[in-house]
Amino acid sequence: MKKSLLCMFLIFAACFSMTGCSSGKPADERPESITLRIATPPIGLGSVPGVGEAEISEMMEVAAERFSAQYTAFDVNFEINRYNYTDEKEQLLDKIGTEDAADIFYAGSWNTSAWAEQGWLVPLDDIIDDGLRSDISETLWRQNSYKGHVYVLPYQQLHNTLAGNKKMMEEAGLEEFIPEQDTIAHWSTEDFNTVFAELKESITDETTYVFMMYALNDQGDSYIMTLLQAMGGSLYDENGNFAVNTPEGIAALTWLKSLDEQGYVPENAENIEFVDVINLFYNGQMAICMSNLTNLWDYRDRGMEVFPVNFPSLDGRGYVVATTNGFCVFDNGDTKKVQAAKDFVRYIYTDEELMKYTLGTLPVNQSVMDKYEDEIWMLKAYSENSPNLTTIVRLDNLNWQGVRDVFYLNIQDLLKGTKSPEEVAKAIDETCNAALEQGRPK
């Protein structure tokens, strides 16, 4: 009996000294080990509840740990590469086709349509179930789709509106246009005309202005494009081409020029850039300027009293311009990595702690907004404003930088008076559509 027990003990001990026995399962049944590489620029997530100021790379580190702890298909290791915006070509594009290529990329949708056209990205439709689809605005799905497929799974967004200086509005006797506390104002284009005129009359300082205007470079151009819809026109036609040369588009350009002629905007605005008008607003030298929730927090911290107001529209609902950031999955020729990368991305949307990271800006998921709208300042107001979303950048625009390179030059011509609104409308369509055509596959 003692000899039998001793033999069993020795066999048991020998088994544990061998790698094949220590895991409790044969080596060929263990999950295969793979490495997923994540690349992202330093995109800020704002002040995240319970975390503080955070970047997307920090969220990725937390997500990688939580995902790996429960994932059984593969033994996944993560490498996270946080690079500067100016290094995107070297750190991302130049590595495609090499062993260091990124498997997952996080950023906005500015260039991803071209990458999808090149075949570098995989569509993500198969990880979007009905629940996730209905939880995100169709406007945002369209913004992140190319040729009928989703290539960017949106995660966070910014709703860009205008903001009014409450004190300057009160000094002009415009209390009726100031919305209730912690809500968003909705003014028609005619309301804007009334507000502009009263503000102009109340301002005595020659270095203080009513409204933003700028055209020195391509920065902030999407907000000028949004103003081109103030008279009921659409920036694009049904084929995705610029369609400003319409009665509504010409009327909007005529209106923009009138703001300059009436002295509502800074003099020689064609020589001013976007950051200049932002600084004027911060200094109390501008009554109405661009804003979003991140800006509002900053204004509040500085002791400024401001309120958001949608961009003008004829019906008075106005426009809020949505931009999104999200996840892409690169096709590096390894089906196992592609599957694991998709599983990782989809997992994030099922983890409540990871979805809280979107609360520093704005969630794209309506369910997250609904859950936290009573805890986060202005979140409910922005959630209720979602039906007024519009987007400027379309994923089927394959040469958006080319569009930006020419658009502001046309606004310069308008402000300088070297071209009439009719001529500018025609030139916008010609130059911007030519840029779009250059990016389309031949």
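Start at Leu296. Leaving aside its neighbours within four places in sequence, Leu296 is in contact with Ser291, Val306, Pro308, Trp377, Met378 and Tyr382. This model is predicted.

Stay on Leu296 and colour its helix. Leu296 lies in helix 13, residues 293-301. Is Leu296 buried or exposed? Its relative accessible area is 2%. That is under 20%, so Leu296 counts as buried.

Draw a distance between the two C-alpha atoms. Leu296 and Pro308 are 8.1 Å apart in space and 12 residues apart in sequence.

**Strand 10**

Which way does strand 8 pair with strand 10? Select residues 153-165 to see strand 8. The two pair in the antiparallel sense, over 4 bridges. Zoom in on Leu162, which stands opposite Met290 in strand 10.

Next, select strand 9, residues 209-211. Strand 9 and strand 10 run parallel and are joined by 2 bridges. Pick Tyr209 here: its bridge partner in strand 10 is Met286.

Move to Met212. Not counting residues up to four places away in sequence, Met212 touches Leu162, Tyr223, Val265, Val277, Met286, Ile288, Cys289, Met290 and Phe311. You have already met Leu162 and Met290 as an opposite pair.

Which residues have the most contacts inside the largest nonpolar core? They are Met59, Met212 and Phe242. This core has 150 residues. Helix 14, residues 335-348, gives the most to it, with 7 residues.

**Helices 18 and 19**

For the last stop, select residues 400-416 and 421-439. These are helix 18 and helix 19. Their axes come within 8 Å and cross at roughly 170°. An angle over 145 degrees counts as roughly antiparallel, so helix 18 and helix 19 are roughly antiparallel to each other.

Show side chains where the two helices meet. On helix 18, pick Gly402, Val403, Val406, Phe407, Asn410, Ile411, Asp413 and Leu414. On helix 19, they meet Pro421, Val424, Ala427, Ile428, Thr431, Cys432, Ala435 and Leu436. Colour this contact by class: it has 12 nonpolar, 3 polar and 1 charged residues.

Technical notes
Residues are numbered from 1 along each chain as its sequence is written. This is a predicted model: local features need pLDDT of at least 70, side-chain atom pairs count only at pLDDT 80 or more; totals for chains, interfaces and linings use all residues. Side-chain values use heavy atoms; hydrogens and water are left out. Buried means under 20% relative accessible area, exposed over 50%, partly exposed in between (1.4 Å probe, protein chains only). Contact means heavy atoms within 4.5 Å. Two strands pair if DSSP finds at least two bridges between them. Axes are lines fitted to C-alpha atoms, for helices over the stretch in contact, and angles run from 0 to 180 degrees between N-to-C directions. Angles under 35 degrees count as roughly parallel, over 145 as roughly antiparallel, 65 to 115 as roughly perpendicular and the rest as oblique. Ala, Val, Leu, Ile, Met, Phe, Trp, Tyr, Cys and Pro count as nonpolar, Asp, Glu, Lys and Arg as charged, and the others, Gly among them, as polar. A nonpolar core is a set of buried Ala, Val, Leu, Ile, Met, Phe, Trp, Tyr and Cys residues joined through side-chain atoms within 4.5 Å.
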